[in-house]
Amino acid sequence: LLIAGWLMALVKLDAADAPSTSAKPGTLPGWRLELLAQSPDVQHPAAITCAPDGRIFVAEDPMDIRTERADVAEGRILCFHPDGRRTVFVDGIFAAFGLQYLDGRLYALHNPYFSVWTDAGDHGTNRVDLVRNTNPQWHALGWNDHVPANFRLGLDGRFYVSTGDKGLFGAVGADGKRFDFFGGGIFRMRPDGTALESFSTGVRNILDVALDADDNPFTFDNTDEHEWMGRLTHMVDGGFYGYPHDFIPRRPYTLWCLADFGAGAATAVVASLDDGLPEAYRGNLFLADFGKRNVLRVPLVPNGATWAVRGSNGPVRGVAGMADAEPLFQDPPEDFRPVGLAFTPDGRSLVVGDWQHRDVKDAQARVGRLWKLTWTG
């Protein structure tokens, strides 16, 4: 029995370190899916961004899969170069769910820090912590969830930051001003870490924010598995959306979502703004759903002072649903778990970070894949 147990342990360790052999998701006509990297070259990819020269930056998050504690600085940011090289750009950080590249610098939100590094090509240098405390209990219940996450640069020169309903407590910007943010929503700040302020509130657990060509922010909210489902929402300055106390029943003083995609686990949302995709895709949103194991394409049209989903029969006057979205993958395997999304600089491809694992703790997990979905039509 001891020998059998020892052999089984060896097999388990070998399987943990072995590359994935599962089937890849099927694609729609006009799209090609290729595997850029897989474990052990990338593990638990959580956030993705690209530099103008084609380098892809990927933040890893082992703290939400294989470590017992979430408050350990064991995360990394990898750099995948166009020539095929892979370098460790940053090491020894907390789980980064936000990445943006701007003017030769890489910004990362790895709670409780918001930091920036100077780009030295293969690695980052001159780390500066612009915000040192987003929340003293960001790791409550052992998970890096419901925390400040991904962010985008607006036309006004400020970062628009998505955050879950753990909020921010005791955050102090580089200008020395304290900022507290209650619940989930969007706050904004200057790239130098100053002028933190609230933008919109009353959502649950958004991990990303997309900005269209006119700077309209859109978020994709994570379901509570009861009444608050996977919600696509147009966020406006000063808007309040009702979570957690003012949405059942719907109140007249709350704003509402424009689509409800039911149960799932919303992770990322990006807007197609370039001409790398067909004209019909311009301004579309692409939503990653960890629970549905898919990426949804959602076309939008103006609807009064806000937006509506453009379904197969025209604009949806009301709350759209799954029938009005287009899943990009067919028959995705059980271990396809998209978390991060980013467009390549040419606008033709989506880079997809795939955890390849359920959101459960597993000390033996050595998993993860990086995919590139390219328009070829």
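User: Which residue in β6 stands opposite G75?

Analyst: G75 faces I93 in β6. This is a predicted model: local features need pLDDT of at least 70, side-chain atom pairs count only at pLDDT 80 or more, and totals for chains, interfaces and linings use all residues.

User: What makes β5 and β6 a pair of strands?

Analyst: Strands pair if DSSP finds at least two bridges between them. Six bridges join β5 (residues 75-80) to β6 (residues 86-93), so the two strands pair by that rule. They run antiparallel. They form a hairpin with five residues between them. In the turn, G84 has a positive phi of about 100°.

User: How many helices and strands does the protein chain have, and why is it called as compact as a globular protein?

Analyst: The protein chain has one helix and 31 strands. Its radius of gyration is 20 Å, close to the 21 Å of the globule rule for 377 residues, so it is as compact as a globular protein of that length. The radius is taken over C-alpha atoms, and the rule is 2.2 Å times the number of residues to the power 0.38. As for the elements, helices (H or I, at least four residues) and strands (E, at least two) are DSSP runs, numbered from the N terminus.

User: Why do β21 and β27 count as edge strands?

Analyst: An open sheet of four strands has the order β21-β22-β23-β27, with antiparallel pairing. β21 (266-271) and β27 (326-327) each have a single partner strand, so one side of each is left without a neighbour in the sheet. Inside the order, five bridges join β22 (residues 285-289) to β23 (residues 294-298).

User: What share of contacts in the protein chain joins residues at least 24 apart?

Analyst: Contact means heavy atoms within 4.5 Å. Among contacts between residues at least 6 apart in sequence, 54% join residues at least 24 apart.

Key
Residues numbered from 1 in each chain as written. Heavy atoms only, no water.
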